Amino acid sequence: MNKKFVVGISGASGAIYGVRILETLHRLGIESHAVITGSAVRTIEHETSYSLAYVKSLCTHLYDDRDIGAKIFSGSFLVDGMVIAPCSIKTLSGIANSYNDHLLVRAADVTLKERRKLVILLRETPLHLGHIKLMLSVTEMGGVILQPVPSFYHKPTSLDDIVNQSVGKALDQFGIDAKLFERWSRFETRCPRFQAFTSPSEGPAAII
């Protein structure tokens with residue numbers, strides 16, 4: 001059976017994460033069922049150089065966020081999981097409270113109730129206690145909170161490198177190796193910054 005995933009793009013900053021996921025699934029020939037909110041459309045237009053027509057062309061199936069008759073509204077429609085990238089706090093709150101007034105939140109609720117994997121790229125910082133409680137609630141339901149925090153061990157040289165690493169980590173959650181970033185191996189050499197240290201008190205431990 002071919003893999004099928006639901007992809008949600010909310011209006012939070014970081015629309016490129018959702019677009020890159022759709023690009024990657026399209027490249028790999030994986031079926032996508034996408035929901036792009038009205039706010040997300042504005043964010044895509046503001047933050048990226050991609051046209052809405054291009055983003056829509058990446059989706060195998062695209063649904064209106066108000067479409068309560070969509071396939072992904074029901075748990076009887078089989079998919080392999082769902083990723084929301086980016087996810088706003090408003091969307092997270094809807095999921096945490098099962099407030100299914102829009103298709104994006106309903107699809108996430110369906111994913112959780114059917115015990116399928118839900119990965120959420122939450123875009124908010126700093127976090128107050130209310131945000132953390134929402135994250136805890138969704139985690140207790142079985143969701144995965146994967147904030148797009150960049151790593152630097154692969155020495156990114158562009159914004160694309162940073163975006164691809166977070167997208168690659170998100171797809172890893174579904175067993176999809178999209179080969180978007182260099183994986184951790186080990187430090188091959190000491191950092192040049194530390195080579196001049198001559199005593200333990202001057203070494204990395206002192207900086208830490």
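**The nonpolar core and its surroundings**

Guide: In this predicted model, the largest nonpolar core has 33 residues, and Leu22, Leu25, Val83 and Leu121 are those with the most contacts inside it. Two or more residues come from each of these elements: strands S1 (4-9), S2 (31-36), S4 (82-87) and S5, and helices H1 (15-28), H2 (38-47), H3 (52-58) and H7 (159-172). Helix H1 gives the largest share, 7 residues. Take Leu25 as an example: leaving aside residues up to four places away in sequence, Leu25 touches Phe5, Val7, Ile30, Ser32, Leu171 and Ile176. Another core, of 26 residues, lies apart from this one, and Val35, Cys87, Ile89 and Met135 are among its members.

Next, the strands. An open sheet of 6 strands runs in the order S3-S2-S1-S4-S5-S6, with parallel pairing. Strands S3 (61-63) and S6 (144-145) are the edge strands, each pairing on one side only. Strand S5 (residues 118-122) runs parallel to S6 and is joined to it by 2 bridges. Val119 stands opposite Val144 in S6.

Last, the loop between helix H5 (103-113) and S5, where Arg116 lies. Arg116 is buried yet has no salt bridge; Glu114, the nearest side chain of opposite charge, is 4.3 Å away. The side chain of Arg116 does reach the backbone oxygen of Gly75, at 2.9 Å. Not counting residues up to four places away in sequence, Arg116 touches Gly75, Phe77, Leu78, Val79, Val110 and Thr111.

Technical notes. Residues numbered from 1 in each chain as written. Predicted model: local features only at pLDDT ≥ 70, side-chain atom pairs only at ≥ 80, totals over all residues. Heavy atoms only, no water. Pairing = 2+ DSSP bridges. Helix = DSSP H or I, 4+ residues; strand = E, 2+ residues; numbered from the N terminus. Buried < 20%, exposed > 50% of the residue type's maximum accessible area, 1.4 Å probe, protein only. Lys, Arg positive; Asp, Glu negative; His and termini not counted. Salt bridge = Lys/Arg side-chain N within 4 Å of Asp/Glu carboxyl O. Polar contact = N/O pair within 3.5 Å; in protein donor to acceptor, adjacent residues only side chain to side chain. Contact = heavy atoms within 4.5 Å. Core = buried A, V, L, I, M, F, W, Y, C linked by side-chain atoms within 4.5 Å.
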